[in-house]
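I opened my notebook to record what I looked up in this model.

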There are 4 protein chains.
Amino acid sequence: MADTVPHLKLTYEGARKMLAASVAKAEAMGVPQCIAIVDDGANLLAFARMDGAKFLSIDSAWRKAMSAASSRAATGGMAEGLDIRLAIATQGKLVNVKGGVPIVVDGKTIGAIGVGSGTGDQDLEVAKAGLAALAGAKTDF
Amino acid sequence: MADTVPHLKLTYEGARKMLAASVAKAEAMGVPQCIAIVDDGANLLAFARMDGAKFLSIDSAWRKAMSAASSRAATGGMAEGLDIRLAIATQGKLVNVKGGVPIVVDGKTIGAIGVGSGTGDQDLEVAKAGLAALAGAKTDF
Amino acid sequence: MADTVPHLKLTYEGARKMLAASVAKAEAMGVPQCIAIVDDGANLLAFARMDGAKFLSIDSAWRKAMSAASSRAATGGMAEGLDIRLAIATQGKLVNVKGGVPIVVDGKTIGAIGVGSGTGDQDLEVAKAGLAALAGAKTDF
Amino acid sequence: MADTVPHLKLTYEGARKMLAASVAKAEAMGVPQCIAIVDDGANLLAFARMDGAKFLSIDSAWRKAMSAASSRAATGGMAEGLDIRLAIATQGKLVNVKGGVPIVVDGKTIGAIGVGSGTGDQDLEVAKAGLAALAGAKTDF
């Protein structure tokens, strides 16, 4: 087995473009949001808190992004009960609430976007608008 | 009563052997895992995150091992409700989710192995494969 | 004395404009940076981690912004010894390292910008480039 | 500017090989060590605590690896005073003590190795033995 494998890295420019698209979508919906974009190691790349968004959603948006980057899946699908136990075990990093999606290009997870301050469905819609702005990113979540 | 009693100590070599067996089992199952082995004081001895395992499972695998070492029992059997209260009280160290088992030799708990990133049953199976690699270790969990 | 007083609030649009100016300055300098903009309550408004910036500077940039918002002064001027004691007392929120400046308009502190990943002087220069993009903001730090 | 750029990813197999080489070196030196290998986002990939190594070095070895991954440089070269301020600002993640080196292949930082429990020079020597086991990795630190 190989010691290293080819991978892709999301640039700040890519993250900025995604963030702008998510902000535009949230504006069009009339729902102010906190939007966080992380790399595949869960470190923050870009963030926006729109006017009127809840400031506690800074944390939840970021952690939704962490959760989606870790599981390589949209947040919100974990079994009830298990999710709370793992949320505590990860000191709150695992958030099983809609609004986090992985950024997957060429089958590789290169980061994630997490959105919070609206309803779960609104958050997910804004996250997916970010994905749509990145050429080649998987969008069917 | 005696002031000191004979004990057994898991060596790094023993932990490494268990880790390799757990990794091999997870590979055979096609389920990438995070695997943590701790001593009887819950201090980390050996760890592996396989390609494709969730990075948030670094925390949960380690904490399952802590929980099993503390209780000297497999994780996942605590009463619902009580487990969450104790999880919060221990700042997330107690994790009542399957995948952690104590390492018991000659009736002495000398450490524990915790596995996370698959389902609870898969995690437990991989943990037990580690136990099976250690001569004399109790495996009926 | 009045029960309430007029205040000013930095919008996301204002923060975004400042962030873009700081990023452009850092690019021109050839020094990739982490840049955080907070409101007057130290809550994050906008953030960028440029390609090549240190990810541990996510924390330090944000905390420099927190420190500048709290003290309404540039970071880095506190007495040695006192600064470490207060850093510990605030769980690391107070950072007495150059690179954080308050955003002051019409004599009112409405937020702060914190920059980290270069030298202290480079960080400060990039922070001030952000201030210069906001009409009416005090820039002599 | 591109939204994504080609990158490399360290596999568990690569990390395991490095860990084994570092353990062998530490054994040959007669200095038991804690050895942590992280990916480029500072998430743990592989870990060993050898018999006789200090258990508090679990934390310091891991954090040396985090620091080297973040700065893309060997740990221990930061100015005195600044290092303590940034250590507090990053909640202890930044450790300015010898023994952490980045894993750099083809000019790309793909992770880091951190070693602790010996002297700083011994720790660095054991970390470099790990680098030498990875084909193409930069070793002149």
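**Ground rules.** I worked on a predicted model, where local features need pLDDT of at least 70, side-chain atom pairs count only at pLDDT 80 or more, and totals for chains, interfaces and linings use all residues. Residues are numbered from 1 along each chain as its sequence is written, chains are lettered from A and ligands numbered from 1 in the order in which they are written, and side-chain values use heavy atoms, with hydrogens and water left out.

**Chains.** I asked which chains share the most contacts. Of the five pairs of chains in contact, that is chains A and D. Contact here means heavy atoms within 4.5 Å. Chains B and C have no contact with each other, and their closest C-alpha atoms lie 17 Å apart.

**Symmetry.** Next I laid chain A on chain C. A turn of 180° and a shift of 0.0 Å along the axis does it, with an RMSD of 0.2 Å. The two copies are thus related as by a two-fold rotation axis. In chain A, the residue that comes closest to the rotation axis is A:F47, at 2.4 Å (C-alpha). I also noted that 94% of the interface residues of chain A are interface residues in chain C too, so the copies meet through the same surface.

**Aromatic pairs.** How many aromatic pairs are there over all chains? I counted two. The rule takes rings of Phe, Tyr and Trp (its six-membered ring) with centres within 6.5 Å; planes under 30 degrees apart are stacked, over 60 edge-to-face, and the rest tilted. A:W62 and C:W62 are stacked, 5.9 Å centre to centre, with 25° between the planes. This pair crosses between chains, from helix α2 of chain A to helix α2 of chain C. Helices are DSSP runs (H or I, at least four residues), strands are runs of E (at least two), and both are numbered from the N terminus. A:W62 is buried at a relative accessible area of 14%, and C:W62 is buried at 13%. The cut-offs are under 20% for buried and over 50% for exposed, with partly exposed in between (1.4 Å probe, protein chains only). B:W62 and D:W62 are stacked as well, 5.8 Å centre to centre and 20° between the planes. B:W62 lies in helix α2 of chain B and D:W62 in helix α2 of chain D, so this pair also joins two chains. Both B:W62 and D:W62 are buried.

**A glycine in a strand.** B:G116 sits in strand β4 (residues 108–116) of chain B. Is B:G116 buried or exposed? Its relative accessibility is 1%, so B:G116 counts as buried. B:Q33 is 83 residues away in sequence, yet 5.8 Å away in space, C-alpha to C-alpha. Beyond four places in sequence, the contacts of B:G116 include B:Q33, B:C34 and B:D123.

**Positive phi.** B:Q91 is not a glycine, but its phi is positive, about 55°. B:Q91 lies in the loop between α3 (82–89) and β3 (100–105) of chain B and is exposed, at 59%. D:S117, not a glycine either, has a positive phi of about 140°. D:S117 lies in the loop between β5 (108–116) and α4 (120–132) of chain D and is buried, at 13%.

Terms used: Copies are superposed by least squares on the C-alpha atoms of residues with pLDDT of at least 70 in both.
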